[in-house]
Every structure is written in C-alpha cells, then in structure tokens.
Amino acid sequence: MSIVSEPVLELSDVRKSFFGVPVLKGVGLRLFAGEVHALMGQNGAGKSTLIKVLTGVHPADGGRMALRGEAIAPKSPLASQKLGISTVYQEVNLCPNLTVAENIFAGRYPRKWGRIDWAAMNTQARVLLKRLNLDIDVARLLSSYPVAIQQMVAIARALSVSAQVLILDEPTSSLDDDEVQRLFTVLRQLRDEGMAILFVTHFLEQVYALCDRITVLRNGELVGEHLARDLPAPALIAAMIGREFAARQGTATPLETDDDETPLIELRGVAQRGRVQATNLSVHAGEVVGLGGLLGSGRTELAQLIFGLNTADEGEVKVAGQSHRIDCPSTAVKLGMGLCPEDRKTDGIVAELSVRENIVLALQARRGLWNLLPLDEQVAMAERFVKALGIKTQDIETPIGLLSGGNQQKALLARWLATQPKLLILDEPTRGIDVAAKQEIMDEILRLAKEGMAVLFISSEIDEVVRVSNRIAVLRDRRKVGELPGGSAEHEVYQLIAAETA
Ligand SMILES: Nc1ncnc2c1ncn2[C@@H]1O[C@H](COP(=O)(O)OP(=O)(O)OP(=O)(O)O)[C@@H](O)[C@H]1O
Ligand SMILES: [Mg+2]
C-alpha cells in the first residue's frame, strides 16, 4: 500500500440522528487511494448509517464530506455513483424478477440505435461475472439463484461502474470460503490499480487477510483509526466492545446427552430428488446437533425438508417415535418445530411491523388469529427477548426495518424462541452478528437446550459448530458423509468434508 498525502475521501464530524436519537455523533473517516480500509464496530455501531449518509441515502445532520478535496453532498445513491462512489449495501437491493444481467445493468442498459442491446448486455454481464469466477446463466431470473450468488451479482454490479471509491457493507456474509477468496483477489487487484475500498465485515480474519487500515466505531462515535498490523485482533475487539469485553469471555460448552432415549426427531433415508440425498439423522431432546459443510453442501435444503418447506420423496420422519408426513411448515409448527431461516429479508422480518409484532408473530400464528395474545403479554415477551439477546432498539414499538442488520437477525431468532419449540432449527443464526452478540446468542440457545429443547444448528463457521454441538453431522454434495462427536477439532470436520467418497 502506498499512502499519498491526500485522502481520496474525507469525512469529518458527520452527525446523524433518527427521531432525535443520535446514531452518528461526529464521526470522521479517511480513505486513501490504493488501500482496503475496514470499517468495524458492533451491531448498531453506525457503520451502515455512515455509508448511507455518505452515499446520499440519508441526508447528514451535520459535518463535512469531501471527495478529492471537493465538498460533496450527494442527494441519492445514483448521485454518489455519478461522483465515482460505487456501493454494495448490506441489504442487497436487487430485483428478484429481473434477470442477472438486467440487475447488473439496471438503470444503464447498453443501447444500440436507441434500443436496448440485450445481446451486448448479456455478454458484458458474463465478462464481469467471469472476473469473479462465476459461470452462470445471466439470462435467468435472479430469484432462481441462492443468496450467495445474488450477493456476487450485487458485487459485479458495483464493479461494473468504474469508480474511485468502492464501498462494500458486509459483502461476504453469505459467501463460502472459495467465493470470499475470489472476491478478495478482485479487490486486491482493484486496490493495486489505485481504487480506495471501504469494507465492512464481522469476520475478523478477513480484516487481517485483506485490509490495510481499520477505523473502529462504537455507539456512533469514532474510537480510532489504525494500521491493521498495529491493531491485533484482541485489541480490535476491545476497541469495538469497550470495557464490557472482559465480562463476556465465557465460552459456551455443549451438554451431555443420553443416547438411549427415543430421539425427538429421526430421519431415515429421507431424500428429495435433486436437493437432498438419502439421509439418516436424529436429534434428541436437550441435544445440539450441528450440520457442518460448505455452502452448497445441502445444509439449508435439509433444514427446509425437515420443516416442510419442501417435501421428501423418499424416507421416513419420526417425531417422538411417531411417523409423520411433514409437507408444510404449519404441520412442522404443530409438531413443535421452529425454523430460523438464513435469508432474513425474504423469509423473515416484516419491515413495517414493530419489533414486538415481529417477535410475537410465530407464536400468534400457532395460536390462531381468533386467539389473540393479550397486549401486556406481547409487551412482556418482547421486552424479555430484547434484554436477553441484547437487541439494540429505541423501544419495542420501533418498526423492525429501522434496526441494524444484526439486530434484525436477533429479533428473528427471538420470534422462534418465543414459540418454545421442541426442535429449533437454526440456519446461520449468527450471520451478520458481531463477536460479543454471538456469544450471547449461543449462551441463550445452550441454556434452552439445557431445559430440553432439541437444536439443529447450521453455520458455515465450522469453529462455531464444533464449539456448541454435541454431535456434528457433516454434509457434502447434498448428503451426510459422516458424524463426529462434539468438541472435535475443526480440521477433523474439514477432513471429513474433503475425504474421498468411498
Ligand atoms: N432509518 C432508520 N431509522 C431509525 N433508526 C435507524 C435507521 N437506520 C438505522 N437506525 C439505527 O441506527 C443505529 C445504527 O444502525 P446501523 O445500521 O448503522 O448499524 P451497523 O453498525 O451497520 O450494525 P450491523 O453490524 O448490525 O449492521 C441502530 O441503532 C439502528 O437501529
Ligand atoms: Mg450494518
């Protein structure tokens, strides 16, 4: 990295309040050409808000922003893009019912003789995706691809604008290791060409693998700006969390279980054509079973099959020893299951409803609409979970869409905990959640398991899976390739994932 004396982008004393609550309290940021700069902070620290103020999504209440020394105040994301600032927002804003290529070029389709040149557009889209090593059919609808690919498409869209500044707000939260590496290769190349890149992530190892400098925010305030090599991980965490850090060092440990009992749920040869190959799996009451495997290994597909979002064409499912056919989620819910899905935006939160309404939603649905949960019980429940999971919100009546991404994720988890499920299926419950909050969430889940809840835990962070699970079922290519006891080493899981199929 070569730091020239003048920053490309300089923010100082930026202020922003929402409904009188200050979210940015005079924040500064300096971004230089030829660097990757990490913007770090806990859920709700103000990272996304800073990015949105900078790129014209929200007007600033005060402060100065300058691009190459010239004051700027973009009024819209398009205006900031025209200034040379290209952004991938945390909540990917693409159109699922347009094709991949249309999403990449939306608003600026290539034209020929006044008409949209579809062929040129598709070719250019393919070239861009090729850069990310992604070989997909660009003429297909975006919605036909999983979240990870959609995220890559959003990144490709940002790369297609030749910009001086590239901003990525948690671009890697649903990418697997391989995809992250491909993205990093492209980012390093862009940095070497002189682009200034601002990068938000909760994965600390990515910060050190990629970033040159780090700016830390806490509670809407600037804590510091450091060279990455001068700020090792423990110091970074301490800066993000502040003094509370010491109190949160406890690690969740898995519980003992009794194998002879009838499992709460048992799958025998359960399969769905093209999605899940014949699988045996059991989870006992009070047990946490982790599903380990890479993105695309079939973890989510298996979870959806158990919960009735898809239907098995083979095999048998027993719940508490009884055979059941679970072909829709309402059957699963009646049998005492809850599924906290991976994609909170499409399968989860209802942005316009309050935090309270979002939390009670699943419980209310199970009771039926004629049997309304009394308001005081709703309030008590919402307040209890806001406290237990540390959900950062002004109050429980705030529309959930106004919470930071990580805090929305916590509220979604609360929704399923509120139903007191016998089996809770968690698909990436800690995606986008900061280190300290992760610990709180896992502690809460293990506490509930201790009280007898069975948990099926899915995470692409293998270290987290081995840490909290009693047993780990390892998946590859949409089938189970083996099981390991809880507390196995991470590399043992990877070995099983990578092992040659017999
Ligand atoms: N449009 C809005 N209206 C009201 N409050 C908001 C709005 N956007 C954000 N906030 C609040 O501002 C605070 C900072 O949120 P922000 O999204 O910037 O956090 P973040 O650092 O990006 O967190 P995360 O890591 O969870 O994404 C949060 O308390 C959030 O509830
Ligand atoms: Mg954010």
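Predicted model: local features only at pLDDT ≥ 70, side-chain atom pairs only at ≥ 80, totals over all residues.
**Entry 1: the neighbours.** I began by listing the residues around ligand 1, and there are 19 of them. Five come nearest: Gly 44, Lys 47, Ser 48, Thr 49 and Ser 404.

**Entry 2: polar contacts.** I then looked up contacts to oxygen atoms of ligand 1. Gly 44 places a backbone N or O atom 2.8 Å from one such oxygen. Ser 48 uses its side chain instead, with an N or O atom 2.8 Å from an oxygen of ligand 1. For Gly 406 I found a polar backbone atom 2.9 Å from a ligand oxygen.

**Entry 3: burial.** How much of ligand 1 does the protein bury? Alone, ligand 1 exposes 640 Å², and the protein buries 88% of that area.

**Entry 4: the pocket.** I checked the space that ligand 1 takes. That space is the second largest pocket.

Entry 5: Which elements give two or more residues to the shell around ligand 1? I noted α1 (47-54) and α14 (405-417). The most comes from α1, which gives three residues.

**Entry 6: residue classes.** Last, I sorted the shell around ligand 1 by class. I have 11 polar residues, six nonpolar and two charged.

How values were computed:
Residues numbered from 1 in each chain as written. Chains lettered and ligands numbered in written order. Heavy atoms only, no water. Near = heavy atom within 4 Å. Polar contact = N/O pair within 3.5 Å; in protein donor to acceptor, adjacent residues only side chain to side chain. Areas by Shrake-Rupley, 256 points an atom, 1.4 Å probe, with all protein chains shown as cover. 1 Å grid on protein atoms, 1.4 Å probe; cavity = no way out; pocket = protein on both sides within 12 Å on 5 of 7 lines; lining within 4 Å. Sits in = over half its atoms within 2 Å of the grid points. Helix = DSSP H or I, 4+ residues; strand = E, 2+ residues; numbered from the N terminus. Nonpolar A, V, L, I, M, F, W, Y, C, P; charged D, E, K, R; others polar.
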